[in-house]
Amino acid sequence: MPILNKDMTLCISLSARPSNNGTRFHNHLYDQLDLNWIYKAFAPTDLAQAIAGVRGLGIRGCAVSMPYKEDVMALVDELDPSAKAIDSVNTIVNTDGHLKAYNTDYTAIEQLLASNAVPTDYSVLVQGAGGMAKATVAALRDAGFTDVTVIARNEDTGRALAEQYGFQWRATLDGGTADLIINVTPIGMAGGPEVDSLSFPEAAIAAAKVVFDVVALPAETPLIKAARGAGKQAITGAEVATIQALEQFVLYTGVRPTDEQVRAAEDFMRAQ
């Protein structure tokens with residue numbers, strides 16, 4: 001990494017519980033590509049002030065994580081169709097003070113469903129109704145899944161999300177099972193109050209054919225460990241993090257790394 005200097009381009013991430021995933025991934029790619037850039041993670045105390053800082057300081061890119069993906073929409077100048085279609089933002093690009101928002105979470109979910117060859121006739125349970133859930137449910141609908149139920153305790157947000165995409169809503173799992181179960185809540189997230197908790201009960205894991213946890217840290221969440229232990233096909237949040245971070249990198253820099261460079265950055269990220 002180059003020595004800090006006045007010409008260095010800065011990109012950041014905003015999260016309630018920052019990890020080093022994006023920091024290591026982006027900085028490793030900057031180093032491989034000899035870019036005079038640097039990436040730093042922050043936990044903002046005031047979201048509006050943080051976004052004003054992005055604009056005022058000329059910060060080129062800003063990744064947005066839970067719980068800010070919806071609230072940040074009112075603070076930018078333009079929404080790309082990827083963000084506007086699902087009312088959720090995970091990426092902001094600053095061009096001369098003009099802030100344009102995108103959503104690369106959707107792209108990551110879409111790619112992982114396809115690369116793992118998950119049949120679209122599978123029944124699906126999606127637990128959660130926040131910004132990441134919007135990206136997930138939209139990707140499921142666009143991929144051709146039709147039997148999808150959103151599980152969310154908040155009826156207003158849960159029902160609205162389900163009905164927006166023509167799916168069903170339930171307040172609780174209540175013994176329900178499906179071929180594909182997806183956790184899009186913070187349950188199992190490192191640093192959170194439920195880091196050791198299972199987001200789905202063992203009976204739902206046993207009945208599932210594919211288990212998907214979007215929580216990126218740790219890479220092996222309690223849900224993923226349980227799924228692997230039960231011999232289930234597992235899709236991890238670490239995989240989501242790599243794909244969405246790569247697409248952010250391209251938006252920020254205009255450069256698409258080679259597959260080999262991405263693998264090296266991913267290995268470096270996961271070696272922490």
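These notebook entries record what I looked up in a predicted model.

**Entry 1. Ground rules**

I noted that residues are numbered from 1 along each chain as its sequence is written, and that side-chain values use heavy atoms, with hydrogens and water left out. Since the model is predicted, I kept in mind that local features need pLDDT of at least 70 and side-chain atom pairs count only at pLDDT 80 or more, while totals for chains, interfaces and linings use all residues.

**Entry 2. The sheet**

I began with the strands and helices, which are DSSP runs numbered from the N terminus (helices: H or I, at least four residues; strands: E, at least two). I found an open sheet of six strands, in the order S2-S1-S3-S5-S6-S4, with mixed pairing. Two strands pair if DSSP finds at least two bridges between them. The edge strands are S2 and S4 (78-79), each of which pairs on one side only. I then followed S1 (residues 9-14), which pairs with S2 in the parallel sense over six bridges. Isoleucine 12 has lysine 40 in S2 as its bridge partner.

**Entry 3. The largest pocket**

I recorded how a pocket is found: on a 1 Å grid over the protein atoms alone, it is an open set of points where a 1.4 Å probe fits, with protein on both sides within 12 Å along at least five of seven lines; lining residues have an atom within 4 Å of a point. Grid points are joined across faces, edges and corners, and a volume is the space filled by probe spheres set on the points.

The largest pocket holds about 890 Å³ of space. Its lining has 43 residues, and Ser15, Ser65, Met66, Lys69 and Met189 lie nearest the centre. By class, I listed 23 nonpolar, 16 polar and four charged residues in the lining. Here Ala, Val, Leu, Ile, Met, Phe, Trp, Tyr, Cys and Pro count as nonpolar, Asp, Glu, Lys and Arg as charged, and the others, Gly among them, as polar.

**Entry 4. The second largest pocket**

I noted about 300 Å³ of space in the second largest pocket. It is lined by 15 residues, with Gln127, Ile151, Ala152, Arg153 and Thr185 closest to its centre.

**Entry 5. Threonine 221**

I located threonine 221 in the loop between strand S11 (210-213) and helix H8 (222-229). Is this residue buried or exposed? Threonine 221 is buried, because its relative accessible area is 0% (buried means under 20%, exposed over 50%, partly exposed in between, with a 1.4 Å probe and protein chains only). Its side chain makes a polar contact of 2.7 Å with the side chain of aspartate 213 (a pair of N or O atoms within 3.5 Å, one able to donate a hydrogen and the other to accept it; residues adjacent in sequence count only if both atoms are side-chain atoms).

I found a cis peptide bond between methionine 66 and proline 67, with omega about 5°; proline 67 is in the loop between S3 and S4. Another cis peptide bond joins leucine 217 and proline 218, with omega about 5°.

Alanine 117 is not a glycine, yet has a positive phi of about 50°; it counts as exposed, at 58% relative accessibility. Aspartate 174, not a glycine either, has a positive phi of about 50° and is exposed at 69%.
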